[in-house]
Amino acid sequence: MNSELRRALSRGIAGSEERGQSSSPRTKDTFWRTLDEQAEDPAFQEHLYNEFPSEIEAITDPVARRSFLKLMGASIALAGVTACTKQPAEKIVPYVKQPEELIPGKPLFYATAMTLGGVATGLLVESHEGRPTKIEGNPLHPGSRGATDVFAQAAVLGLYDPDRAQTLTNIGDIRPWAAFIGAMRAALTAQQALKGAGLRILTESVSSPTLAAQIRDVLARYPSAKWHQWDPASRDNARGGAKLAFGEYVEARYDFSQADVILSLDADFLSSGPGALAYARQFAARRNPQDAERMNRLYALESMPSSTGAKADHRLPLKPSQIEGAARAVVAGLRGSAGDDSGLGPAEQKWITALAKDLSAHRGRSLVIAGDQQPPAVHMLAHVINQDLGNEGRTVVYTQTVEAEPTSQVESLRALVADMNAGKVDVLLILGGNPVYTAPVDLAFSAALDKVQLRAHLSLYSDETSQRCQWQIPEAHFLESWSDARAFDGTVSIVQPLIAPLYDGKSIHEVMATLGDRPERSAYEIVRDHWKIGKDDSAWRRWLHDGVMPNTAFGAKAVRFQPNLQHTTPRPEPGIEVSFRNDPSVLDGRFANNGWLQELPKPITRLTWDNAVLVSPATAARLQSRERPATTGGEHGNIISDVVDLKYRGRIVRGTMFTVAGHPDDCATVHLGYGRTRGGHLANGAGFNASSIRTSDALGFGGGAEIALTGQKASLACVQYHHLMEGRGMVRAVTREEYVNDPKSIREGDETPPRIITLYPDMPYQGYKWGMAIDINSCIGCNACVVGCQAENNIPVIGKDQVMRGREMHWLRIDTYYRGAVDNPETFFQPVPCMQCENAPCEVVCPVGATSHSAEGLNDMVYNRCVGTRYCSDNCPYKVRRFNFLLYQDWDTPSLKLGRNPDVTVRSRGVMEKCTYCVQRINAAKIDSEKGNRAVKDGEIKTACEQACPADAIVFGNLNDPSSRVSKLKAEVRNYELLGELNTRPRTTYLGAVRNVNPELGE
Amino acid sequence: MAEPTSSQSQVIAPGHTFGTVTDQISAIVLTRKTSMGWYAGFSVALFFTLVLLVSLTNLVITGIGIWGNNIPVGWAFDITNFVWWIGIGHAGTLISAVLLLLKQSWRTSINRFAEAMTLFAVSCAGIFPLFHTGRPWLAYWLFPYPNTMNIWPQFRSPLIWDVFAVSTYATVSALFWFVGLIPDLATLRDRSQSKVGRFIYGLLAMGWRGSAHHWHQYETAYLLLAGLATPLVVSVHTVVSFDFAVSILPGWHTTIFPPYFVAGAIYSGFAMVMTLAIPIRAVYKLEDFITMRHLQNMAKVMLVTGLIVAYGYLTEAFIAWYSADKYEGFVPLNRLTGPYAVAYWSLILCNIIIPQLLWLKKVRLNVPLLFIISIIVNVGMWLERFVIIVTSLHRDFLPSSWGMYSPTFWDWSTFMGTIGLFLTLLFLFVRFLPMISIAEMRAMLPEAKVNE
Amino acid sequence: MSQIFHRSANTIARVSIFGAVFFVAGLLGLLAEVNRSPWMTDARTAREQPIQFSHERHVAGNGIDCRYCHTSVEDSSFAGIPPTKTCMNCHSEIFSNSPFLEPVRDSFRTGTSIQWTRVHDLPDFVYFNHSIHVNKGVGCTTCHGQVDRMPLMYQQNSLQMEWCLDCHRNPEKYVRPRSAVFSVDYQAPEDQEALGQKLVAEYQIQKLTSCSTCHR
């Protein structure tokens, strides 16, 4: 959005107070300030020292307090119209000058982008009167194609997190921005003479062209200064592998639409890493059994079971260190040379041989991908296999790196620490990241850090690193700042703010500017200048509107293939292997204070609020653990587990052990990002800090560890501890052969009764008849839908204790079921929202009719009518209803109120709630269509889960329209009803899974 | 009818006259000095009543979350206690109404406090449907009344049927009890020494003068009410059982429930009458009026209803197997072997195995033993409801959402609190009202018979 | 033994027993009435406002169309409260220094909003959408009453659910031609029923009474 508009908005004040999100004019006023305007604004000065952001005023302001009290008493006020409660008078606050784009009561959408590990995902952000409330994927963006991951979905909550760093401080005292600029000036004049020999900049992976230019500019100015990078989500191994294979850093970009046979070498490419969203969509598009010939086949060699492994047609669990041997065996198999001793048993050998055969049968139509935590050698071998199979240019292309300055980050960090210890570093700017917490323990980063004279840390939170720096600069959230970034294919997006910094945060560009000669420049100017935007900024507007810069994707790059096959990774010490992974929910800990992500059940383990020492059931048994593993069935909620000491290279960390079916024996997987000490209220104290034993020479995994039971027990909050189907056929799955021979085979065991065996006449559904189809074959269990639903529907976070009591509130859950042997089961994901039954058991038992059937077949849930008998939930066979046992919504924190969806009631204590098929979206679309005297178009309404899904596994639409996508899907033979034998006639149905198994290996 | 006169068969000890009967019973209320024991017992009961108040206050302020309920176990102690208390509330009306119609003269000495007990039990039961809701202050929405929302309750919901069944039952048993009291209240009015006593009892006696006309009206009214109350004995617990039978949940969705609940109710009801009668007759020296014959008969009723309940258990299990439905079939297995197996087995022990002792006359004549057995049965019947509700819920259709329920402090305090309330009311009753119908006891006397 | 009660006690007893029934019934009836009364609904009571703004003057007097100020009524759920700018369009010229308008000028100068008191305030769990109603031929005055005769704005109707349902169940009683939606002096014709039937068909007006129509 252009600056004029922003200026206009800046003086505007949001109009609608309809949803009681009332707040003082000042508040909204500051929201809409853009950074550049704030600089010149007089009010800016007074705000500068104001430790608490103006939202606090909202609560001290009587108007807001009234509405706040109203919210508090909502449970009673809900009785409003009938009961003896009068509504309190509300204020209504119009704009002074209303911006022309904005129609009060209607949301606006703006394109921006979010980066992880430097790689951008394009987003569309929904904004209500200036408050970003919901994030969707940007269909025009290659890294999104309309889909999002959990981190993007949860970013809104991150923005409003009351624990964020709110003031610029120097050794604890609040200082103005000018003071920091002054300090930098002084330090730099000292560095002038030394050519900046004492100046160091530590960033995370950088893909932003503007930032790279800024840094290079500074380096040019101070030739002896150094730029270091450390990103715990770092892809050093991939870079190393490229160097081994091609002698230079190149990015491998894959095209799954062309791949018939795919081999994953411990790579979770479907749910993590650059381009995962795009890859997942391409992958899922080739899994449709309707088009059986085009079905791809996925082989996975992996240690910790991942979404990718769960989707694999053939999965072989191996210790992390065995993957390399297996990869060499594959190479040998392809080249017909004798397999060197890969330390694999006969069964594995057979598996590998069959795989090699399958691969060589699909030259140019196959694809091999190595996982980021696997050593460079494995990545090199992946390149070798792809080359041998002639996949280059077909399923894989090599491009220049997305990162502006690819380097071995661990070496870069090592060098920095060395310099710091040698006292060579006078000024250190840590721009983003939390190295004190994330750096490999053997580097003793924090000790070295203390030796630096001037230390400044830019970050969203006052975290472990900020604590050790004199200067602590609150970082502007990406929804608050201007920037730019590259997608996995190089496409550039402009990152534009949706809201002015809530806490006067600074963007990384502005901090870099303090090293230049125009320190006060705003990020807005910096980015515009970098792209040489003059008076005519039509192109700029186009970029902002589309969210992408046209023709900026990297073309294929000619590479010189000269692999160093001699290079091998040393065998790890004997004993238990420990493999370190980024946590699927909180990553390296940067999202550890995000309640949505903390409470999000992790894929496969279904754990919340904790990390754990993950081992196979066999290993746990060998350790004489007496706790019952999930694979034998159990109840969700409070899971008592053994507390173990994990001894590794002379260091010990104490964590809770948890068993995972399909995990290889004699090795443990631990997730990073937990055991934070200064991460915020939610982050602190959750789980254990795995990086406290992680060393720089083995970032991915290492051997020689021991696990010792301490005899203590601890509780884990797990939302599903029973993964067996008990012969109840929740998930239907057959092999491709079976399906091709007899598609009906997938409906085996169907007991859905005929529709005529009822006394009651069928309810006629004129007009619309909403329904949903969920394709189990496509679902990769990435959880994006779950967080998307939470964001769209104001679903509260309830905390570990309540989850342990079995009261989680998610409207949509992803049940995970196993089939087959415990040591390597087939894994299926089944997203379960409300089934919106036509014969809904919940409806008949509600004494007050708080849940009733709508004319379009929804089970309407009327919160304000609900008295909370919980009878509906007792009678719901799918157990998808959620009850507010306590006052779960946070009514007190003003900043959190701003993020709520004004189109959805904020539920109070004592009422039942459940999935509504996003009825607010349905109504909005219906009203639009009615005004245009037309019918709602297919695909016009996307539920939050459907919209977030990268695999297009969820489809919503009108069943009365035979041409709608959902009707077509439901017409497929794969379509079946969950618990159909109960004759509940669910509107949500599932499409069975079809595994494309290799006949040679069988099931 | 000719009464055999062996010590266990008579319903009133020999040698009593109109005078002695009246004296002995009314004395408890009027003349006899309130014993320390009464004060002690009353204060204990009162303490637990306060516990109930605290628990309910906290419940309303903090929310259902203070209990252990969760998803899938949406109902637990709350509804268990409700059904248990309602069950106990059954004996009263049964004894008074049904036995009256069946001209079972032995009922007379126990009916009065059986009825009182019924009322108190029902009021304890009533607490739970109200307070188990998430927003009790809106519970009045369960009543059909014209409102500004143009909305009626959902008449298809068993909970609405409950509202009517229970409130009707409460009203009728209250009336029945009160009408029965009138002649005795008059007696007290006339015998009371204190002015206040005279006034209050007088007010309640509604100008009873004991004229033939009054007696005639009284008999008719009493008989009519008995007629009204009788179907209720069956209806109430039938409707309560619908809460479960109407649902689709395996372990709830069973046609055997209505008869089996009614039998269970009477079973627990008599157990409770026995539990109360035995100490009271000991304390207030009422062995003359509550004789071994009464205890024996009640024991026999317990034995019969206990066997019906046992039959219910068997049928449940049999049908579960016979239905060949995988979900139904799983329920008995889960009860026998699942996490709550202990509860199931102890309920079998309490409700089926131990009561078989009542076959033996020795046992039926052994008062302490009867007392113990009746308590055991009370416990058993509570466990039965717990098992039905919790074990069915905690493992239903989708294993992914199977969960465990464990009661919290507040679950227990609420339960104990209702017992406290029950006893408090009972203590007040025995202190201020004749716990045995003087008028009817008089009618039992030989003199009365001669006059016929 | 002396009588405790006077003979009259009998009568009193009888009367009070039967009286109780009517007493309780009456009490409930009263409660129902109170719930519908303006005391509960705030209907027909003018609100204090920071500025003595008169709809009568502006609508009847100057004949300004509703949409001049309530701009978003046709496309948004929210009809829109005019920004200060709208007032200043005229009042920078007319009464440009009337003391009554000082708050307006002040707001315009300082950029802080005028804080009006909400007149039509639905509970937070009710989602009403102006645009669809005016598009389907529900006139402004149908719900808001004769705004042109309100010197101080007040709420014409109870805004209670039964009131909403009355129209949602039989719209033909209230709808008018789209052309007349914004006219303040539109009078329903004699044959409203007939006209209503016709319009309901023509505008494809549905009788939406599902809960989720208004509650989500």
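Two strands count as paired if DSSP finds at least two bridges between them. Helices (H or I, at least four residues) and strands (E, at least two) are DSSP runs, numbered from the N terminus. The model is predicted: local features need pLDDT of at least 70, side-chain atom pairs count only at pLDDT 80 or more, and totals for chains, interfaces and linings use all residues. Residues are numbered from 1 along each chain as its sequence is written, chains are lettered from A and ligands numbered from 1 in the order in which they are written, and side-chain values use heavy atoms, with hydrogens and water left out.

A strand pairing joins chain A to chain C. Strand β1 of chain A, residues 91–92, pairs with β1(C) in the antiparallel sense over two bridges. In that pairing A:Lys91 has C:Thr117 of β1(C) as its bridge partner. Strands of a sheet pair through backbone hydrogen bonds, either parallel or antiparallel.

The rest of the contact between these two chains can be described residue by residue. Contact here means heavy atoms within 4.5 Å. Chain C contributes 50 residues and chain A contributes 54. Together they bury about 4,600 Å², 53% of it on carbon and sulfur atoms; buried area is the accessible area (1.4 Å probe) that two parts lose on being put together, summed over both. C:Arg118, C:Phe125 and C:Arg216 supply 17% of the area that chain C buries against chain A, more than any other three residues.

Between chain C and chain A the count is one salt bridge, defined as a side-chain nitrogen of Lys or Arg within 4 Å of a carboxyl oxygen of Asp or Glu. A:Glu930 and C:Lys136 meet through their side chains in a salt bridge, at 2.4 Å from N to O. On the side of chain C that touches chain A, the elements supplying at least two residues each are α1 (8–36), α2 (38–41), α5 (84–91), α6 (102–110), β1 (116–117) and α7 (130–135) of chain C. The largest share, three residues, comes from α7(C). By class, this side of chain C divides into 18 nonpolar, 22 polar and 10 charged residues. For these classes, Ala, Val, Leu, Ile, Met, Phe, Trp, Tyr, Cys and Pro count as nonpolar, Asp, Glu, Lys and Arg as charged, and the others, Gly among them, as polar.

C:Ser210 lies in the segment after α10 (192–202) of chain C. Its side chain reaches the backbone nitrogen of A:Ala855 at 2.9 Å. Leaving out residues up to four places away in sequence, C:Ser210 touches A:Ser854, A:Ala855 and A:Asp860.

Chain B also meets chain A. This contact takes 60 residues from chain B and 63 from chain A, and the area buried is about 4,900 Å², of which carbon and sulfur atoms give 56%. Five salt bridges are found across the interface of chain B and chain A. In a salt bridge of B:Asp396 with A:Lys879, the side chains meet at 2.9 Å, N to O. On the side of chain B that touches chain A, α2 (36–62), α6 (158–191), α8 (212–245), α11 (326–337) and α14 (367–394) of chain B give two or more residues. The largest share, four residues, comes from α2(B). This side of chain B has 34 nonpolar, 19 polar and seven charged residues.

Within chain A, four strands form an open sheet in the order β12-β11-β10-β13, with parallel pairing. The edge strands, β12 (314–317) and β13 (366–370) of chain A, each pair on one side only. Neighbouring strands of this sheet are turned by 10° against each other on average, direction ignored. Axes are lines fitted to C-alpha atoms, for helices over the stretch in contact, and angles run from 0 to 180 degrees between N-to-C directions. Strand β10 of chain A (residues 261–265) pairs with β13(A) in the parallel sense over five bridges, and A:Leu265 stands opposite A:Ala370 in β13(A).

Conventions
Polar contact = N/O pair within 3.5 Å; in protein donor to acceptor, adjacent residues only side chain to side chain.
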